[in-house]
Every structure is written in structure tokens, then in C-alpha cells.
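Here is a short briefing for a reader meeting this structure for the first time. Look at the sequence and the 3D view, then read on by topic.

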Amino acid sequence: MSQPSAPTAAPSRFDVHRVRQEFPILGLVIRDRQLVYLDNAATTQKPRAVLDALTRYYTKHNANIHRGVHYLSETATEAYEAARRTAQQFLNAREPREVIFTRNATEGINLVAQTFGRRHIGERDEIVITGMEHHSNIVPWQLLCEQTGARLRVVPITDDGELVWEEFERLVGARTKLVGAVHLSNSLGTVNPVARIVELAHRHGAAALIDGAQAAYHFPVDVQALDCDFYVATGHKLYGPTGIGLLYGKAERLEDMPPYQGGGDMISSVTFEKTTYNELPHKFEAGTPHIAGAIGLGAALTYLTGLGLDQVAAYERELLAYGTEVLQQISGVRLIGTASEKASILSFVMEGVHPHDIGTVVDQSGVAIRTGHHCTQPVMDRFGIPATARASLAMYNTREDIDALGAALERAREVFA
Amino acid sequence: MFDLRDLYQEVILDHNKRPRNFGQFAQPDRRAEGYNPLCGDKLTLHLALEDDVIRDIVFKGSGCAISTASASLMTESVKGKTLDEVRTLFANFQGMLTGDAEADFDTDVLGKLSVFSGVRAYPARVKCAVLAWHTLQAAIEAKNKVATTE
């Protein structure tokens, strides 16, 4: 028998205060109070690593990519493609060419709808989505349905904000060509069983698209393990810049799709008689891309990976539990979205106080939350409410932030008592 | 807190809790709907006209405190007024919320509508306060479409 191994180092604790130091904006004082930023589902703040990467790019590498033979163009191209490899590893895609840079998650979905969809989805075919999709995973499919005569089917949700699984199984069938589902609902916080959804789609020969805009910065995503055909994410929620997003697609799917937009970079050769399209991923990246954005996103993903998304997820889980407890103690507050699997989102209404008024009152305490329908009007209709107030957490939030929200909500209750 | 009370004055809180002229007519002379797509506020106005005088007016809908109180106070202010007087009121109301200087509005004309002066400091909430007025304007112009704040 071998010697008992030396005790391994204790797992490094997630040090939120150290993380906060990396985000300069968190030091801001708003209305004489330290900023409490709880609108992370809308966009997250940016760490120094991202800000530095952007500055470095514009001061040391700025040039157009994939064409120039000069030094700057080569270093810019290398940095841009390095960011793609970072994204590939972040999502655990098989190859870098399976990662397409887009403007945002919305563009990723539109790209799939207008290329894969136009080629493979026809009249009387069906697209199945869930009742908790963001408008960005509804409208592109409605547009496609108008263009092709396909039909959109919607999986209902329960009072807790979970999918009605029997209905899901009933709705997906021989006519289904694509199943689209949100990984983490932005208005309910529900984490959907996406691997199971992908399996259900594949069982019926349909492709599966997962909208990971909210998910990818809260817990690890492994597109190979999920086996999804497409996965979309957006840079500005991954602590990266705005205007840059990710579309993952299985290589064989992407190969089989026509280009999305025509232009420079997406071609191999152009004559007036015949144009040959470039290979993946360039086929889907027409025109000069958001080079700095991609590089900034790469820096964000490297930073996140360094912290460890497992650690981030564990920390945020604890914070969400605390937030749930604090909100439940405020009289008149009712949580919207009480699924058993949840992450990072605290959506709620308050008796006698409209969400819009809650937003204004807590803002006076320097607490930033979101109020409204959160681009999920069907979810609001489902729960029979016009809007919710939503506090959404990120890894740099603390229990003190939650306490500040709690105190601000008590103020709101007093004002409207 | 002081600055919050500037926005949420007692009169506003009272009208939010107990909206006046809340309801609908069986046969309104004019009706119009208002919608603020940003926050989902919805409002329906019913008017009873006599020549160019608003003889009676009621509203129904759901919204935040500012939009509800604004609709409620508006119905009180315009009842019995001519359409021209209403237009002047609206211009003054808008001047108070978004105008450049005090010259843009007359507090004597506005009367108790002046309680909304605090909204000026909250640009995101101006739309809440003017929704009812846009809707009233649509009813007066007899536009058959939903008035929005966008």
C-alpha cells in the first residue's frame, strides 16, 4: 500500500473582496452612497483585465486582420484568433472554427434562423421553444415562420417557472426541425435541464439551440457534454465589452449552412460570375469584425477561467440563497420564479408598490436594479403581472449588497404604506 | 427621505391609492387607450363631451404611482374645461416636466398639477407622468390608435 498522500491544499476560497478590487466601477459613489450594482442580467461590469486588453490593443496592435502583411496586422490577427481559441476552450468546443464571433447573442440566434432555418425548415415544419424565452429567442423564429410557413410551438411553464416536461415531450415530434431553449431564464432565474432538452430534440431528429446569454457567466458550460447543435452567448454579460458575442455551432452543422451576410473576409474568391465562400469560421464573419471586442472578451474569459467558474457558481449559489431569504422576510414581497433549479435572478413584485416605483426608490439608495418586463412579455402575461422588479447577481456582489437592497425595499414599503 | 418626498408628494401617493374618476362610461363620446411599452403601463380614457367642453371623464388601467396619480389628477383638472383650455394645460404640464426654464409654464394655470414638478428631476419617469395626457390628446384628436409614450 502506498504512503498516504500529503493533504492537498485546501480548495482556494472565492475571495469576493479581491475580485471587487478588479472592477474599478464598483468604487463609484452614487447619490452619496457606494454603488450597489444588482442589474447584472442586463450587463455586467468590466474587470481591469478587460479594460487593459482594450487599451493594449488600441495602443499596441490596432490594425485590420486577416489581410495585411505588416507587423501590426499580424499581431492583431493573432490576438483576434487567440481570443477565438480562448472562447473555444471556455465553451469546450472541439475546434476553434466552431466558434463564430457575432455582435451579441441575438445576432447568433438570427444567424441560425436565417441560414440553418432557411435551408432546413419549411412549410408545416415546426420550431419548438419554451414559454420563458427572451424576445431574442422568439422573434427570429416568428420571422422565419412568416418567411417559410413553418409553425412555432411553445412549451408552457408552471407557477414556479419550470417547464411542463410532459408538454415538452408532447410538442416535439416528427415535424419538429429545431428546439430552442434558454439555459438560464433572465426574468425567472430558472435553470433549464438543457442536456435533456437536447436529447429530446435529437431523439426526433431536430436540431437544438441553447440561449446561454444569461448562463455562461454564472456556471461552467460544456457544449460537447450538452451535445447541443448551437449555443449562443454575449460578451457584455461575460464581463467583456458590448458589441461582441459568441455563436457555437457543431462544425458539420455550420459547414452545411449558407453564409449569413456577404462581404469581405467571408469569401475565398470573388468574380462577377462566381464567388466562393471562405471556410469556417470566416464564412460567417463578413466585414471587419469587432476586433477589440473579441480581444477584450478573450481577456474576460481568461480572467473568469482563472477564478474558476465552479468557484463562482458555488459563491453565487450561496448569495442567491441569502438574497431569497432576505426578500422573503420583507412583507408584501412575492418572488416570481421559484424553480428548484435557479441561479442569480431575484425577480419579485411588492404588494401595493408598482415595480417602476420600487426601481426609483431603491435607486435613491444607490441600488441599481431593473424593472419592467425584461424582454419577456409572455412570461409577464403568464404570471398576470405587467412587470417585475429584478435584482440580478454577479460574482462581485456581497451580502452587504443584498442588505442594502433589503433596506431600500423597506423604505419603498414605508413610502407607499 | 427628503428628495424622494419631492417626487412622491402626499397628493400623488393619495391619488395613487385612491384614484378619482376611476371607471368607464357605457357610451363614451370619445375613448382612447394609452400604453407605455417600457413599463407596461396601460390606460383607457372615456370622455363625455358637450360641444367643446369635457363634461365628464373617467379612466381605467394599471400603472405605477406616477402614472396612476397623473391620470387621476388630470381627470379632476380637465373636467368642465374647453378643449382649448385642456391643450394649454397640457402644454404647461409638459413645460414643467421637460421645459428649459420656469418661463415654460405657469403654476397658476397648473394649479394642483404642480405636485408633479418633482418628476422633472427623474427623466426616466417623465413618460409615466405624461402617458395620461398623451392619451387625452389622442381622445381629443379622435385618433383611433393607441397613444404611446414612445
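In chain A, 70% of the contacts between residues at least 6 apart in sequence join residues at least 24 apart. Two residues are in contact if their C-beta atoms, placed from the backbone, lie within 7 Å. This is a predicted model, in which local features need pLDDT of at least 70, side-chain atom pairs count only at pLDDT 80 or more, and totals for chains, interfaces and linings use all residues. Residues are numbered from 1 along each chain as its sequence is written, while chains are lettered from A and ligands numbered from 1 in the order in which they are written.

**Chain A overall**

- Chain A has 14 helices and 17 strands. Helices (H or I, at least four residues) and strands (E, at least two) are DSSP runs, numbered from the N terminus.
- Its radius of gyration is 22 Å, close to the 22 Å that the globule rule gives for 417 residues, so chain A is as compact as a globular protein of that length. The radius is taken over C-alpha atoms, and the rule is 2.2 Å times the number of residues to the power 0.38.
- The C-alpha trace of chain A spans about 75 × 60 × 55 Å along its principal axes.
- Of the 417 residues of chain A, 52% count as buried. A residue is buried if 20 or more other C-beta atoms lie within 10 Å of its own, exposed if 12 or fewer, and partly exposed in between; the C-beta atoms are placed from the backbone.

**A four-stranded sheet in chain A**

- An open sheet of four strands in chain A has the order 13-14-17-16, with antiparallel pairing. Two strands pair if DSSP finds at least two bridges between them.
- Strand 13 (333-335) and strand 16 of chain A stand at the edges. Each has a single partner strand, so one side of each is left without a neighbour in the sheet.
- From one strand to the next, the twist averages 30 degrees.
- Strands of a sheet pair through backbone hydrogen bonds, either parallel or antiparallel.

**Strand 17 of chain A**

- Four bridges join strand 17 to strand 14 (residues 345-350) of chain A, and the two run antiparallel. Here Phe348(A) has Ala389(A) as its bridge partner.
- Three bridges join strand 17 to strand 16 (residues 370-372) of chain A, again antiparallel. Gly372(A) has Thr388(A) as its bridge partner.
- Five of the five residues of strand 17 (residues 388-392) of chain A are buried, so the strand is largely enclosed by the rest of the structure.
- In a regular strand the side chains alternate between the two faces of the sheet.
- Both faces of strand 17 of chain A are covered. Thr388(A), Arg390(A) and Ser392(A) are buried on one side, and Ala389(A) and Ala391(A) are buried on the other.

**Where chain A meets chain B**

- 14 residues of chain A are in contact with 15 residues of chain B.
- On the chain A side, helix 12 (355-363) and strand 16 are the elements that give two or more residues.
- Helix 12 of chain A gives the largest share of that side, four residues.
- By class, the chain A side has six nonpolar, seven polar and one charged residues. Ala, Val, Leu, Ile, Met, Phe, Trp, Tyr, Cys and Pro count as nonpolar, Asp, Glu, Lys and Arg as charged, and the others, Gly among them, as polar.

**Chain B overall**

- Chain B has six helices and four strands. Along the sequence they follow the pattern α-α-β-β-β-α-α-α-α-β.
- The radius of gyration of chain B is 14 Å, close to the 15 Å that the globule rule gives for 150 residues, so chain B is as compact as a globular protein of that length.
- Its C-alpha trace spans about 45 × 30 × 25 Å along the principal axes.
- Of the 150 residues of chain B, 42% count as buried.

**Details in chain B**

- Helix 2 (residues 10-17) and helix 3 (residues 65-78) of chain B pack at an angle of about 85 degrees, with their axes 8 Å apart. That makes the two helices roughly perpendicular. Angles under 35 degrees count as roughly parallel, over 145 as roughly antiparallel, 65 to 115 as roughly perpendicular and the rest as oblique. Axes are lines fitted to C-alpha atoms, for helices over the stretch in contact, and angles run from 0 to 180 degrees between N-to-C directions.
- Val130(B) is found in helix 6 (residues 126-140) of chain B. With 26 C-beta neighbours inside 10 Å, Val130(B) counts as buried.
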